[in-house]
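Biologist: I am new to this structure and would like to learn how to read it. Could you walk me through it?

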Amino acid sequence: MPYDSEGKFVYPLPARARKPAAKKAPDPASTTVTQPEHRPKNSTTIEPAASKQVPPEKPLSPPAQVSSTSPELLPLPGGSTYFTVQEGSNRWQMSEIDLAQIWNSQLWPPGLELKTTSGQPVQVIYRGRWSSGFGPDFKGAMVRIGSELFKGDVELHLVSGDWRLHGHHQDQRYNQVVLQVTLEDNQGQTGKTLTQGGSVVPVVALLPLFKQKGVTLASSLEMARASGTRLGSLSESAGPCCERVAEHIPQLPHLLERLDRLGLERFDQRVSRFEAACALDPDSEQTQAAQSLWSGLLEALGYSNNKAPFRRLAEALPFSTLLELDREACRRKESPEERLLTLEAALLGTAGLLPSQRRLKTIVESRPVQAGFFAAEDYQEPPDQEDYLANRYTGELERRWNWLARHLAAVLPVPFQPLSERDWTFARLRPPNHPSRRIAGLARLLVRWQSGDESEFLALPGEILICTADSVSACERLRNHFQVPVQPEATDSDFFWSRRYDFSDRAILAGSGGKSPCPDLIGADRAADIVINILLPFLAGYGRDRRQSALVEAAINAYKVHPRLGSNELVENVSRQIFRYWLENPADMPPEFMSNGRPVLSRLINGACRQQGMIYLHHQFCSEQNYGACPLS
């Protein structure tokens, strides 16, 4: 996988001829031949635990028999570990992925009772949903510890001390963990598993429990592997109430109708939020309405881990301030390219993503990125024209930011506080979705919008929606408006972002400069997400506040007919739970949802409204574990 030992995405450098370093011939007299460590053929093959990637499915071989008596924690390539387990005369190796498969299957040997290291009995009501990413391993679990019911997350480790070793005690993402499941407890009687919020997390150590009952952990792993399911597969995401949906709503059309209503409820919640923001404006101003839309647009550009910093960026650089910068550039009759550079510098600098703010390794080591262009007397054509243009572009951004930082600190009514690199999440992020690249697309969107003031900024999308003949065509026009392609030969900025996704010397887009098309700065899927989650709810809320019933009606109609968005893990998991009965009993499925004798989920979830209803169901009931109030069961 293209991740380094810290979990950061690593893309290959462009192919360039590099002279390999000369290798010194070894001295035969002093050469020692070192054999690589040999793992027994019967040991379990795994991926590194830090990446939480699902290994290929294959049956578990019998454990290797090795004459050793003490378990030990051994390193894997990339900094991960596996645990060497001694069960009788059998010695075998186990990883966190193996432990996750055991917990996921919940196939415990007869008579085995789970207990915490303090002796409290543990009853697993719902084991949680495998996260397959950052954060706790299983989310949304329900466990009874003693007489108390806990709802939260479950974290797995080979030994309990890994909690602190991995820094979870300082990470707020782990504040909802209610149980730590390990092989061994190596913290001792005085050690505790503490969250960043100060809560004590109970620990279940499996190996001592298995030894007390005279059963082996290897047998549980064999049962988990033989159960026919694979860790992370959609069939493993079933919640505790999915079997009851068909019992309460036996008619599939009625179920789909309820999902559509939930989608409209989610829409109405967003509409109310935007309506309240618009109501804060005085009659003659629209500053709060424009800022509300601006914050929503930025939030939509960030995936789950970067939504919060994008919201902070919208607060640190208000839309009114950014608009005044662009108005001043228009009064000076600057070209669109000059306006774009100013907006990019302001946004990227406020986000803390410029090279000088991050101490990045420069693109051309012999010519570090500095403010301004190279002096004429110092100029020498570098051997790589692409690197020269990239350095020229970043240098111009730095020069403009040097002035903009002082200007913003002087004109903003509150202390100007740019973000820093630490505020953003880059690990496991696809390069086209990098925050730097999204911000470059946002700057182009503002130049294209050409707003003289807040009213023009707010009026354009409403005019597109109302003046289009039908709702389907209006949705398409709005998506096209927010989609931002990149034209490699247009400007230095376009040339840069057509080949790179960030300012680091390693941030090269795969296939850049070749025949493959360059990814859009804001692609079609992200544009559709903006339309559904931000723009249409805003227009409906703005229309309610301004008593424009035609705008409200047009926004609702567009929302109802907008095609479904791109699929994601959350929607797939929820759909497998809701439609589980019909997927397993296709004979009861209406023919309009079938193809070649098989159910088709895309026909069941045929629009964005229904898709949003499933997301609403998950957030309001599934993730909150409010199963008693679930409208489907």
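Biologist: Which elements do the buried residues of α19 pack against?

Modeller: First, some ground rules: this is a predicted model, where local features need pLDDT of at least 70, side-chain atom pairs count only at pLDDT 80 or more, and totals for chains, interfaces and linings use all residues. Residues are numbered from 1 along each chain as its sequence is written, and side-chain values use heavy atoms, leaving out hydrogens and water. Helices (H or I, at least four residues) and strands (E, at least two) are DSSP runs, numbered from the N terminus. Buried means under 20% relative accessible area, exposed over 50%, partly exposed in between (1.4 Å probe, protein chains only). In α19 (residues 569-578), the buried residues include Val-571, Val-574 and Ile-578. The partners of the buried α19 residues are β5 (129-130), α5 (245-248), α6 (252-278), α20 (580-584), α21 (601-604) and α22 (608-622), with contact meaning heavy atoms within 4.5 Å.

Biologist: How many residues does the largest nonpolar core have?

Modeller: In soluble globular proteins, nonpolar side chains tend to be buried together. A nonpolar core is a set of buried Ala, Val, Leu, Ile, Met, Phe, Trp, Tyr and Cys residues joined through side-chain atoms within 4.5 Å. Here the largest has 85 residues, and Trp-294 and Leu-465 are among those with the most contacts inside it. Helix α17 (residues 524-545) gives the most to this core, 12 residues. A second, separate core has 34 residues, including Val-122 and Val-143.

Biologist: Is Cys-467 buried or exposed?

Modeller: Cys-467 has a relative accessible area of 62%, so Cys-467 is exposed.
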